[in-house]
Amino acid sequence: MHKRMLIQAATALVALQFFAVPVFAAGSSSGGSDQTVTQCKKGEVWDKKKKKCVAPQEGMLDDDSIYDAGHALAMAGRYDEAISVLTLAANKQDPRILNYLGYSHRHSGRVTVGLGYYEEALRIDPNYTLVREYLGEAHLQIGDLAGAQQQLMEIEKRTGKGSREYGMLSEQIDRFMRS
C-alpha cells in the first residue's frame with residue numbers, strides 16, 4: 001500500500017512538471033504564450049485580452065497571439081495542436097507562422113511538408129536565420145548534409161559564427177557527422 005502511494009506521488013510530480021513549467025525557446029516572446037501550455041486544456045489557447053483560456057477560432061485572436069500560442073505549443077511538443085492554432089492566422093505569409101508550421105510538421109514526421117513551409121518563409125524573409133537553422137536540421141533529418149551545410153553558410157553570411165542559430169546548427173551538423 002505504501003509503495004503504491006509513493007508511485008502515485010512520483011507520477012503526479014512528473015506529470016506536474018509538464019503543466020507547471022513555462023516553455024521558452026528560440027524566437028519566444030513569452031508574453032502569455034507560456035500560459036497556453038501551463039494553464040490551458042488541450043485544444044485551448046491563452047487569450048491575452050480576455051486573460052483566460054479559450055477555444056481558438058479564426059478571426060478571434062490577433063496574429064501575434066496566434067503566433068505566441070502556436071510557438072508555445074510547438075516548443076512543448078504539442079505539434080498537431082500548434083498546427084491547428086497557427087493555421088488560424090489571418091496573414092498566411094507571416095514568416096514566423098510559416099516557420100513554426102514547418103517546425104511542427106517536421107517534428108510530427110512530415111519533414112517534406114515542413115521543408116515547404118521553411119522555404120516559403122525564406123522566400124518572404126531570406127534573412128530569418130532561425131528558419132535557416134531549422135531548415136538545416138530538416139536537411140539532416142533526411143540525410144542531406146550538403147543542404148544543412150549550405151544553410152550554415154547562409155547563417156554565417158548574415159550573422160557570423162557567433163550567433164545562436166549558427167552554433168545550434170553547427171552542433172547538429174557535427175553530431176550528424178559523428179553518427
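# Briefing: helix packing and a tyrosine cluster

Leaving aside residues up to four places away in sequence, N99 touches Y118, A121, Y128, L130, V131 and Y134 (contact means heavy atoms within 4.5 Å). N99 sits in helix α5, and N99 is buried, with a relative accessible area of 0% (buried means under 20% relative accessible area, exposed over 50%, partly exposed in between, with a 1.4 Å probe and protein chains only).

A word on the source: this is a predicted model, where local features need pLDDT of at least 70, side-chain atom pairs count only at pLDDT 80 or more, and totals for chains, interfaces and linings use all residues. Residues are numbered from 1 along each chain as its sequence is written, and side-chain values use heavy atoms, with hydrogens and water left out.

**The overall layout**

- The protein has 9 helices and 2 strands (DSSP runs numbered from the N terminus: helices are H or I with at least four residues, strands are E with at least two).
- Follow the sequence along and you get the pattern α-α-β-β-α-α-α-α-α-α-α.
- Of the 179 residues in the protein, 44% are buried.
- Take the contacts between residues at least 6 apart in sequence: 50% of them join residues at least 24 apart.

**Helix α6 against helix α7**

- Two packed helices are described by the angle between their axes and the distance between the axes.
- Helix α6 (residues 111–124) and helix α7 (residues 129–141) have axes that come within 10 Å and cross at roughly 150° (axes are lines fitted to C-alpha atoms, for helices over the stretch in contact, and angles run from 0 to 180 degrees between N-to-C directions).
- That makes α6 and α7 roughly antiparallel to each other (angles under 35 degrees count as roughly parallel, over 145 as roughly antiparallel, 65 to 115 as roughly perpendicular and the rest as oblique).
- The crossing of α6 with α7 is left-handed (the near helix is turned anticlockwise from the far one by less than a right angle; clockwise would be right-handed).
- On the α6 side, the contact uses V111, L115, Y118, E119, A121 and L122, and on the α7 side V131, R132, Y134, L135, A138, H139 and Q141.
- Sorted by class, that contact of α6 with α7 comes to 9 nonpolar, 2 polar and 2 charged residues (Ala, Val, Leu, Ile, Met, Phe, Trp, Tyr, Cys and Pro count as nonpolar, Asp, Glu, Lys and Arg as charged, and the others, Gly among them, as polar).

**Helix α3 and its partners**

- Helix α3 (residues 63–75) packs with helix α4 (residues 79–86) at an angle of about 170°, and their axes are 8 Å apart.
- α3 and α4 are therefore roughly antiparallel to each other, and their crossing is left-handed.
- From α3, the residues I66, Y67, A69, G70, L73 and A74 meet Y79, E81, A82, V85 and L86 from α4.
- The contact of α3 with α4 splits into 9 nonpolar, 1 polar and 1 charged.
- α3 also packs with helix α5 (residues 95–107), at an angle of about 25° and with the axes 10 Å apart.
- So α3 is roughly parallel to α5, and the crossing of α3 and α5 is left-handed.
- Here α3 brings D63, D64, I66, Y67, H71, A74 and M75, while α5 brings R96, I97, Y100, Y103 and S104.
- By class, the contact of α3 with α5 holds 7 nonpolar, 2 polar and 3 charged residues.

**The aromatics**

- There are 6 aromatic pairs in the structure (rings of Phe, Tyr and Trp, the latter by its six-membered ring, pair if their centres lie within 6.5 Å; planes under 30 degrees apart count as stacked, over 60 as edge-to-face and the rest as tilted).
- One of them is Y100 with Y134, an edge-to-face pair at 5.9 Å centre to centre with 75° between the planes.
- Y100 lies in helix α5 and Y134 in helix α7, so this pair ties together parts that are 34 residues apart in sequence.
- Y100 and Y134 are both buried.
- Y103 and Y134 make a tilted pair, 4.8 Å centre to centre and 50° between the planes.
- That pair links distant parts of the chain, with Y103 in helix α5 and Y134 in helix α7, 31 residues apart.
- Y67, Y79, Y100, Y103, Y118 and Y134 form one aromatic cluster.

**A loop residue to look at**

- K51 lies in the loop between β1 (45–47) and β2 (52–54), and K51 is exposed, with a relative accessible area of 62%.
- Most residues other than glycine have a negative phi.
- K51 has a positive phi of about 55° although it is not a glycine.
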